[in-house]
Amino acid sequence: MAMNRIQFQPGLSMPEFFKLFGTEALCAAALESARWPDGFRCPDCGGGVHCILHSSGNKVFQCNACRHQTSLIAGTVFQSTKLPLTIWFLAIYLVSQARTGLSALALKRQLGVSYPTAWLMQHKLMQVMTEREALYTLSGKVQVDDAYLGGEARVGGKVGRGSENKVAFVAAVSLTDEGTIAGQTQPVPGFKLKAIADWASKCLAAATSSILMDWPASAPWHRRAAPLNAQCGWAQTQGCT
Ligand SMILES: [Zn+2]
């Protein structure tokens, strides 16, 4: 069986994760360098000269030019949080590593937070991931896969793939001979032809040359891609198995 390159993308092991982001100081340093890779920049005037103040144990950056004060988490997905960054980073790790999505209930258990907190974290993270990925269109050789998020059992409800609580996603990556160059995980209202056609017109560039799937040619999703080939001008659709 050919390797599904979405599922076999190189990841970060849990020991590696804790080595890189296991303490509050490590997470703060990682966030600071991600926000300001060339050093602090005032969000108000763009100035770089600043001083550090400490307020209630939090680091506050004060611009020397305009006196604007900002914290490390202001204007980020972590804004106003009372949780340590270590919990947020662990949530990012868990949500991004779970191929079939991670339910808020599973996140609650793994992070040791309340269910409403886990639910809010999950939705905030998925929202920022979706917004970031929406900036890219995939092209060239693209491999697609289906994925689901959520699916907690409710009284009288179904569980598993057919659960009405699950959100369907299309996961897709652009591939080169060297590996993955861009990826997207976009929510879709199911896997019917129209939903996939809408997804394709939004997420795939005209330069998409082929679509790879990890299903046999008889799989419903694969059959639905055939008319899309003509509609979208893809050169070919190949099953990877
Ligand atoms: Zn300033």
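## Helices, strands and nonpolar cores

The protein has 7 helices and 8 strands, where helices (H or I, at least four residues) and strands (E, at least two) are DSSP runs numbered from the N terminus. This is a predicted model, in which local features need pLDDT of at least 70 and side-chain atom pairs count only at pLDDT 80 or more, while totals for chains, interfaces and linings use all residues. Residues are numbered from 1 along each chain as its sequence is written.

Of the 241 residues, 20% count as buried, that is, with 20 or more other C-beta atoms, placed from the backbone, within 10 Å of their own. Of the contacts (C-beta atoms within 7 Å) with a separation of 6 or more, 52% are accounted for by residues 24 or more positions apart.

Helix H3 spans 18 Å from its first C-alpha to its last, close to the 18 Å expected at 1.5 Å a residue, the expectation being 1.5 Å times one less than the number of residues. Its buried residues, Leu85, Trp88, Phe89, Leu90 and Ala91, pack against the helices tabulated here.

| Helix packed against by H3 | Residues |
|---|---|
| H1 | 14–21 |
| H2 | 24–35 |
| H4 | 104–111 |
| H5 | 115–133 |

A nonpolar core is a set of buried Ala, Val, Leu, Ile, Met, Phe, Trp, Tyr and Cys residues joined through C-beta atoms within 7 Å. In the largest such core, of 13 residues, Val142, Ala172 and Cys203 touch the most other members. Strand S4 (138–150), strand S5 (166–176) and helix H6 (193–203) each give two or more residues to this core, and the largest share, 5 residues, comes from S5. Apart from this core lies another, of 11 residues, among them Cys27, Leu90, Ala91 and Ala118.

Key. A residue is buried if 20 or more other C-beta atoms lie within 10 Å of its own, exposed if 12 or fewer, and partly exposed in between; C-beta atoms are placed from the backbone. Two residues are in contact if their C-beta atoms, placed from the backbone, lie within 7 Å.
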